Amino acid sequence: MAKQPIHFLLINQSDVKRNKDILNFRYPMLEEIQEMYQKIADYLQVAVNTLPEEEFEFNIESFAKKYDFNITKTFHTLQFLENEDLIKLLDNSFGSSKIRMAINNADLYKFQIANSYFDNFIRIILRKFPGIFNNNISIKEKKLSNELNISEVKLINILQKLEQKGIISYIPKHGGTHLVYLQNRLDSKRLNISKERLQEAKEYSNKKLEEIIAYAYNRDECRSILLLKYFGENSKERCQVCDYCVKENRKTLKQKDFEEISKSIIKLLDENELNIEEIIDSLKEIKKDKIENVIQYLFDKDKISKHGNKYSRI
Ligand SMILES: [Zn+2]
């Protein structure tokens with residue numbers, strides 16, 4: 001049964017621990033950043049004070065596994081190194097392959113005459129991609145092979161052969177993540193990262209987290225007021241529906257009153273499914289907020305249930 005509205009923020013010790021762990025991963029310590037920066041260079045074999053031009057294939061999972069780094073921490077540390085403009089990760093998994101004619105029209109014509117095997121293929125390609133003499137054309141092998149009515153393997157084979165013969169340039173897409181250095185690979189001990197700034201960022205987030213935890217554990221104030229306070233607003237108006245408000249409001253209802261109203265509501269719901277307005281209409285002699293309180297109480301205690309906006313007896 002779906003309980004209605006979520007004014008109750010439930011939290012337990014393992015949530016707290018998990019959130020603190022995430023925070024630790026998100027804000028690696030300077031030593032951890034230095035170590036990972038060093039290991040990246042080891043992994044890719046990049047010497048100190050060089051700036052490789054290469055886009056290295058970089059599988060994050062294999063890297064983390066090799067050096068026994070936690071994968072979440074690895075992601076966050078890499079992100080940190082990117083934010084510092086030391087490295088950049090390129091995700092090419094959605095890229096496409098590129099082809100371009102490597103010779104001019106006249107030479108191509110000679111080639112076609114001498115190599116009838118490729119003639120048909122080249123004609124189709126020329127018709128399909130008029131710009132192929134001047135531009136790299138993005139292709140998807142699978143799609144193109146369907147259009148040419150040949151297998152993908154055969155298409156790739158033709159493209160590779162034409163590449164070997166110097167007729168086209170064919171750049172297959174690089175799958176996966178690549179890593180490039182944006183600056184000279186530094187001695188990891190000389191990374192220009194402020195320990196204080198790292199610490200400050202972490203402390204700020206930690207403070208925010210503590211506030212949320214305090215909010216979740218707080219039982220002495222209306223949740224809505226607390227939440228607004230967390231966002232920097234001051235409000236004195238209680239929400240009337242959170243666990244604190246329900247408890248407070250119940251205190252103000254006399255026990256005898258409370259039982260009588262409960263009985264009336266349950267009697268009504270024994271006969272019909274009703275929404276809250278209908279219940280209030282049926283009990284005109286009782287004040288609206290009292291009815292709401294009792295309904296909330298009965299609902300919390302599973303004495304009544306709710307489907308859509310209709311309450312009924314269980
Ligand atoms: Zn409240």
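The buried residues of α11 (243-252) are covered by elements that include α10 (223-230) and α14, helices being DSSP runs of H or I of at least four residues, numbered from the N terminus. Within α11, the buried residues are Y244, C245 and V246; a residue counts as buried if 20 or more other C-beta atoms, placed from the backbone, lie within 10 Å of its own, as exposed if 12 or fewer do, and as partly exposed in between. The structure is a predicted model, in which local features need pLDDT of at least 70 and side-chain atom pairs count only at pLDDT 80 or more, while totals for chains, interfaces and linings use all residues. Residues are numbered from 1 along each chain as its sequence is written.

The chain has a mean pLDDT (the predictor's confidence in each residue, from 0 to 100) of 86, and 94% of its residues reach 70 or more. Confidence is highest in helix α2 (residues 30-44), at a mean of 95, and lowest in helix α1 (residues 13-26), at 76. The pLDDT is below 50 over residues 1-8, a stretch with 10 contacts in the model beyond near neighbours in sequence; a contact requires C-beta atoms, placed from the backbone, within 7 Å. Where pLDDT is low, the predicted coordinates should not be read in detail.

The largest nonpolar core consists of 15 residues, of which C222, C242, C245, I265, V294, I295 and L298 touch the most other members. Such a core is a set of buried Ala, Val, Leu, Ile, Met, Phe, Trp, Tyr and Cys residues joined through C-beta atoms within 7 Å. At least two residues of this core come from each of α11, α12 (255-271) and α14 (288-300), and α14 supplies the largest share, four residues. Leaving aside residues up to four places away in sequence, L298 touches S262, I265, K303 and I304. A second, separate core has 12 residues, among them L78, L86, L179 and Y181.

The axes of α12 and α14 come within 10 Å and cross at roughly 75°. Axes are lines fitted to C-alpha atoms, for helices over the stretch in contact, and angles run from 0 to 180 degrees between N-to-C directions. The two helices, α12 and α14, are therefore roughly perpendicular to each other, the class for 65 to 115 degrees. F258, I261, S262 and I265 of α12 make the contact with K290, I291, V294, I295 and L298 of α14. By class, this contact of α12 with α14 comprises seven nonpolar, one polar and one charged residues; Ala, Val, Leu, Ile, Met, Phe, Trp, Tyr, Cys and Pro count as nonpolar, Asp, Glu, Lys and Arg as charged, and the others, Gly among them, as polar.

Helix α2 packs against helix α4 (residues 71-83) at an angle of about 85°, with the axes 10 Å apart. In this contact, E32, I33, M36 and Y37 of α2 meet T77, F80 and L81 of α4, giving five nonpolar residues, one polar and one charged.

For helix α7 (residues 141-148) and helix α8 (residues 152-164), the packing angle is about 100° and the axes are 8 Å apart. E141, K142, L144, S145 and L148 of α7 meet E152, L155 and I156 of α8. The residues of this contact divide into four nonpolar, one polar and three charged.

G232 lies in the loop between α10 and α11 and is exposed, with 6 other C-beta atoms within 10 Å. A separation of 60 Å lies between the C-alpha atoms of G232 and S145, which are 87 residues apart along the chain.

Methods:
Two residues are in contact if their C-beta atoms, placed from the backbone, lie within 7 Å. Angles under 35 degrees count as roughly parallel, over 145 as roughly antiparallel, 65 to 115 as roughly perpendicular and the rest as oblique.
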